[in-house]
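This briefing reviews selected features of one protein model, grouped by topic. Please read it alongside the sequence and coordinates shown below.

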Amino acid sequence: MKTAIDFYERGKLKEANADDYNRLSYYPRNRFICPECGEPVHLTGSKYSNFFGHYKKTDISAECERRADTISSSSLYQRMGLPLYLRCEGKENFRLYIGFRKMPVPLMKIAMESRALAVLDGKIKYCISDERFSSKETTLIGIDYIPMYGRNYNITYLPEKIEPLLSETWSDYADGFSFDGAIFTVTEQGGKKIRHGDTISCDTEYYWVRRQPMLPSFVPGINMQKVGILGLKDDKWYVYKGYFVSSLLDSQYETLCQYLRNNLKVHLLEKKPEFMPMWPPVIKYEDGYVVDENVKTVYGYISSGNEEPKVYEFKGTRAVYNELFIKDKVARVYMDTDETVINIDRKYISNGVVLTKEKLIYAPHMTDIRAENDGESQVVEGIKEIKSSGVVILGNIVFDVVVIHENGEIIKNTGLNEVHVDNFLKNDVILIVQSQRMRGILYNEGIDSVENRGADFESIWNCIVVNQNREFINIPFEIRKRLVCLLNQNEMLDREIQRILKKNMISKPVITLLESEGNYGRN
């Protein structure tokens, strides 16, 4: 293979081409890894060309299409394997689960007609039906053992004639534990296992599940505390929670990296590669984000320690990627399928972001909103502007409130039916969620009303009409907010604004006019 991942500098990586390196130079064993499976590779080649090659395959080596003896797979999920999840059930008691992603309804029907079975490690059988597995969400199946010697969990499907279909939707394996346990993310529900060969980052909270009752004292940079026990059938493992420190000397950092690579088969970065949705509003869950079914485009901020980050998107289940264009650290994702996977810097990783399209219900008359300074009350129904520094949110059932301040501070209140937000300032946003569904969005524009700014409605209307055949671009976020503020002020202008908002496209001359001092109301 011509490309690999090069850990060229402390805590950083980049995609490397073999022809850019000298085979006569010395490179440490862990300098290069395979971009797909994450296993170490070495620089080699022929008389005319360089390339990277895997080391000799062992029983616990990850499956990889870049190995010459590996059968090609067309499914992204088959290649990644089934995920493992950690759940806290009680104060200090944890359980382990295998996650079976939601199954398409037609495939569920075929499986039920065939009386299909999922067989775990040749001994535990599960009947595949809509009573055991779901077509709407991931199904968690509890497991009470960990395979020995770093081996994977193996899953087979019966009868054999439908095994290819089920393996493509799910997988025929789940990533096992390493010599020194496994690393899990930390979420509200528990955590998700970091797959062998994937990356973790400094100063980010993780669970570390290991058999030994103590952490290795000779390894620098481990800041974790024991928080519980993972109960298994014939054994118990210990659960630690904390982070890996970034403020280390280079020699200490290298020692930590080597330990994690050799004993846990994960690679440590100083900065977490991340796709963070900016617009429109989304609902976060353990594997990614839920996007409203009517949304056509999602904009996301790209965070990466890579000098030239790369963003790869996968549509549906196929392991065929498309590299996205990045401008000013922002990437645009077209939501033309029910599920889109976004991976940063590496194509095939288990800790990317999944964007799932679902119907987000804005429930009217579910929650009352009022500004404390004047006693006004309005029902949350979609997006609302609040011209007040104090807001009280009331509901007839419990809900969650997330307050996002302009300075980046985020405050979350969960499981309440009354929340007071006293410091609601300009450009702050409040998200209201009930039963994992978006109920409403409040924002503080912090500007005077359109009437008080002397907006020239006729000039704006003329500019829109005259430039209908000019070049159009997607509506910028700030321009969209200003267009919303102009609604319900002029009947002719309303029709044009609603048409623009529906198409999500606007001409550049209109943007220029709205940004002018007279019509934009810039403070």
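The structure holds zero disulfides, a disulfide being a pair of cysteine sulfur atoms within 2.5 Å. C257 is in no such pair, its nearest cysteine sulfur being that of C202 at 7.0 Å. This is a predicted model, in which local features need pLDDT of at least 70 and side-chain atom pairs count only at pLDDT 80 or more, whereas totals for chains, interfaces and linings use all residues. Residues are numbered from 1 along each chain as its sequence is written, and side-chain values use heavy atoms, with hydrogens and water left out.

- C257 is buried at 4% relative accessibility; buried means under 20% relative accessible area, exposed over 50%, and partly exposed in between, with a 1.4 Å probe and protein chains only.
- C463 is likewise buried, with a relative accessible area of 13%.

**Overall composition**

- The secondary structure comprises nine helices and 38 strands. These are DSSP runs numbered from the N terminus, with helices (H or I) of at least four residues and strands (E) of at least two.
- Of the 523 residues in the protein, 49% are buried.
- Among contacts with a separation of 6 or more, 62% involve residues 24 or more positions apart, where contact means heavy atoms within 4.5 Å.
- The accessible surface comes to about 26600 Å², and carbon and sulfur atoms account for 49% of that area. Accessible areas come from the Shrake-Rupley method with a 1.4 Å probe; for residues, only the protein chains shown count as cover.

**Backbone exceptions**

- Most residues other than glycine have a negative phi, and most peptide bonds are trans.
- L158 and P159 are joined by a cis peptide bond with omega of about -5 degrees. P159 belongs to the loop between β11 (153-158) and α3 (163-169).
- A cis peptide bond also links W279 to P280, with omega of about -5 degrees; P280 is in the loop between β20 (274-279) and β21 (283-285).
- K265, which is not a glycine, has a positive phi near 60 degrees. K265 sits in the loop between α4 (250-264) and β19 (267-269) and is partly exposed, at 23% relative accessible area.
- K329 is a further non-glycine residue with a positive phi, of about 65 degrees. The loop between β26 (326-327) and β27 (330-334) contains K329, which is partly exposed at 47% relative accessibility.

- Strands of a sheet pair through backbone hydrogen bonds, either parallel or antiparallel.
- The antiparallel pairing of β26 with β27 rests on two bridges. K327 has V330 in β27 as its bridge partner.

**Helix α7**

- Helix α7 (residues 491-503) has 13 residues and should span 18 Å at 1.5 Å a residue, which agrees with the 19 Å between its end C-alpha atoms. The expected span is 1.5 Å times one less than the number of residues.
- The buried residues in α7 are L493, D494, E496, I497, I500 and L501. They pack against α5 (457-466), α6 (477-486) and β38 (505-507).
- N504 follows α7 and has a positive phi, near 60 degrees.

- R101 lies in the loop between β7 (93-100) and α2 (105-113) and is buried, with a relative accessible area of 15%.
- The side chains of R101 and E339 form a polar contact of 2.7 Å. A polar contact is a pair of N or O atoms within 3.5 Å; within protein, one must be able to donate a hydrogen and the other to accept it, and residues adjacent in sequence count only if both atoms are side-chain atoms.
- Apart from neighbours within four places in sequence, R101 is in contact with Y77, T138, T169, W170, T317 and E339.
- A4 is in strand β1 (residues 3-9) and is buried, with a relative accessible area of 0%.
- A4 and I33 are 29 residues apart along the chain, and their C-alpha atoms are separated by 5.8 Å.
- Not counting residues up to four places away in sequence, A4 touches K14, E15, A16, F32, I33, P35, V41 and F52.

Notes: Two strands pair if DSSP finds at least two bridges between them.
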